[in-house]
Amino acid sequence: MSAVVSATDVRRSRVRLFIVTMLFLVTTVNYADRATLSIAGPALSKELHLDPVAMGWIFSAFGWSYVVAQVPGGWLLDRYGSRLVYAFSIIVWSLFTMMQGWVGFLSAGVAVTVLFALRLLVGVAEAPSFPANARIVAAWFPGNERGTASAFFNSGQYFATVIFAPLMGWIAHDYGWRYVFFVMGGLGILMGLVWIKTVYGPKEHPGVNEAEFDYIKEGGALVDLDAPRDERAADSGPKWEHIRQLLSNRMMLGVYLGQYCINTLTYFFLTWFPVYLVKERGLSILQAGFVATLPALCGFVGGVLGGIISDVILRKTGSLTLARKIPIVGGMLLSMSIIACNYVDGQALVVGFMALAFFGKGIGALGWAVVADTSPEEAGGVSGGLFNAFGNLSSITTPIVIGYIVAATGSFNGALVFVGINALVAAVAYLVVVGKIERVVLEHSS
C-alpha cells in the first residue's frame with residue numbers, strides 16, 4: 001500500500017497544461033478582436049464611403065499605438081507581474097472594442113476620426129499581451145516543452161479566424177457590422193474575469209504539486225519570474241541599459257527582423273484578406289467569413305505542428321539552434337506559395353494556395369519560443385516588448401503599403417508578391433543573421 005501511495009505522491013500535476021490553454025483562449029479572443037475591423041470592413045467602408053487608402057490607414061491605427069506601447073507594456077510586466085497586468089489589459093481592450101460599434105451612429109467624418117482613435121486605444125491596451133504570454137511560458141514550462149507551449153498559444157491567432165470569422169461574418173450579414181464589435185467586446189470582458197480567477201504563477205498556484213514544480217524548475221523554467229516583489233532582489237526590474245544591450249545583440253536583431261517579416265503575413269490575413277476575397281474574388285461578406293476559415297485552420301495545424309517538430313528536434317539533437325531554425329526557415333519558404341494565387345483563377349485553387357501559405361507560416365511562427373529561450377531573466381517583459389515592437393511594425397506598414405498598391409494598380413497581385421517577399425526575407429534573417437540561439441546574459445555595471 002505504501003508503494004502505491006508513494007507512486008501517487010510523486011505523480012506530477014498538470015497545471016501548466018491548463019495555464020497554456022488559458023493563454024491559447026486569451027490569444028484567440030485577442031486576435032478575434034483585432035480582426036473585427038477586417039470582417040466589418042467591407043460594409044463599414046461602404047457606409048462611411050472610405051477608399052482603399054483610407055481603409056489602409058484605419059487598419060494601421062492599431063499598429064501605431066501597439067508598437068509604441070510594447071516596451072512600456074513589457075516594463076509594467078517586469079514591474080508588477082503578468083497576472084494582474086494581463087487581466088487589466090484584457091478587460092480594457094475589450095471595452096474599446098465594444099465602443100467601436102457606436103461609430104456608425106456618428107457622421108462620416110467624425111466616425112472615421114473616432115474609429116481611428118479607438119483602434120489606437122485597442123493597440124495600447126493589447127500591448128502587454130504577447131510579452132506576458134512569453135513570460136508565463138518561461139515561468140511554467142521546462143526548455144524541452146517550451147516550443148510546443150509557445151506554438152500552441154500562438155496558434156490561437158489562426159483558431160480565432162476558424163471560430164470567429166464565420167460567426168462575425170454571420171453577425172455582420174444578419175444584424176449589421178456594429179454588432180460584431182458589441183459581441184466580441186463582451187466576450188473579451190468575460191474572458192478577463194475568468195483569467196483573474198484562475199491564473200497564478202507556479203509558486204502561488206494552489207493546484208501545483210511538488211513533483212510538477214520540481215520538474216519544471218529543474219527543466220529550466222523561471223519559476224521566480226512573477227514571485228512577490230519582496231522575494232526578488234531589491235534592484236530587480238528592467239533598466240534602460242538592458243534595452244541598449246538587447247538592441248546591440250546580433251542574434252536578437254536577426255530575430256526582430258524575422259518577426260517583422262513573419263508578421264507581414266499575419267497582418268495581411270487580419271486586415272486585407274477578407275477584402276481581397278470580396279473585391280478581387282467576388283465573394284459576399286458571409287462567404288468570405290467562411291472561406292477564411294480553411295487557411296486559418298491550416299495555419300492552426302501548422303502552428304501546433306511547428307512547435308512539436310521543434311521540440312522533437314531539440315530532444316533528438318540537443319541543439320536549440322537547429323530545433324528553432326529548421327521549422328522557421330522551412331515554414332517561411334513554404335509561405336511564399338501565396339504568390340501562386342496570382343496565377344490561378346478558380347476560387348478553390350486560390351483558397352488552396354492561401355491555405356498552404358498559412359500552413360507554412362504556422363510552422364514557422366516560433367518567434368515567441370525563441371523569445372522564451374533567449375530573454376534574460378531580469379528583463380523578460382522588456383525583451384518580449386522589444387521583440388513584439390519590431391515584429392508589429394508590420395501592423396503599420398502592411399495595411400498601408402497594400403492599400404497604396406491596390407489603389408495604384410487596381411489589383412491585389414502586387415500585394416501578394418509583397419507578402420511573399422517578406423516570407424523570403426524572414427528565412428534569410430534566421431539563416432544568415434541570427435547565428436546560435438541561446439539565452440542572453442546581460443552585463444551589470446559594478
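Mentor: Helix H9 gives the most to the nonpolar patch, with three residues. Helices are DSSP runs (H or I, at least four residues), numbered from the N terminus. The model is predicted: local features need pLDDT of at least 70, side-chain atom pairs count only at pLDDT 80 or more, and totals for chains, interfaces and linings use all residues. Residues are numbered from 1 along each chain as its sequence is written, and side-chain values use heavy atoms, without hydrogens or water.

Leu167, Trp170, Tyr175, Tyr179 and Val183 make the patch, about 480 Å². Two helices give two or more residues each: H9 (156-175) and H10 (178-198). Patch residues have over 30% relative accessible area and no salt bridge, with nonpolar side chains joined within 5 Å. A salt bridge puts a Lys or Arg side-chain nitrogen within 4 Å of an Asp or Glu carboxyl oxygen. Areas are Shrake-Rupley values with a 1.4 Å probe.

Take Tyr175, in H9. Its relative accessibility is 52%, so Tyr175 counts as exposed (over 50%; buried is under 20%, partly exposed in between).

Now go inside. All eight residues of H18 (367-374) are buried, so this helix is largely enclosed by the rest of the structure. Trp368 and Asp373 are among them. Their cover includes H7 (129-140), H8 (143-154), H13 and H16 (320-335).

Tyr86 is another place to look. Beyond its neighbours within four places in sequence, Tyr86 contacts residues including Leu23, Trp93, Asn133 and Trp195 (heavy atoms within 4.5 Å).

Definitions and conventions: Patches are made of residues with over 30% relative accessible area and no salt bridge: like charges are joined within 9 Å, nonpolar side chains (Val, Leu, Ile, Met, Phe, Trp, Tyr) within 5 Å. Buried means under 20% relative accessible area, exposed over 50%, partly exposed in between (1.4 Å probe, protein chains only).
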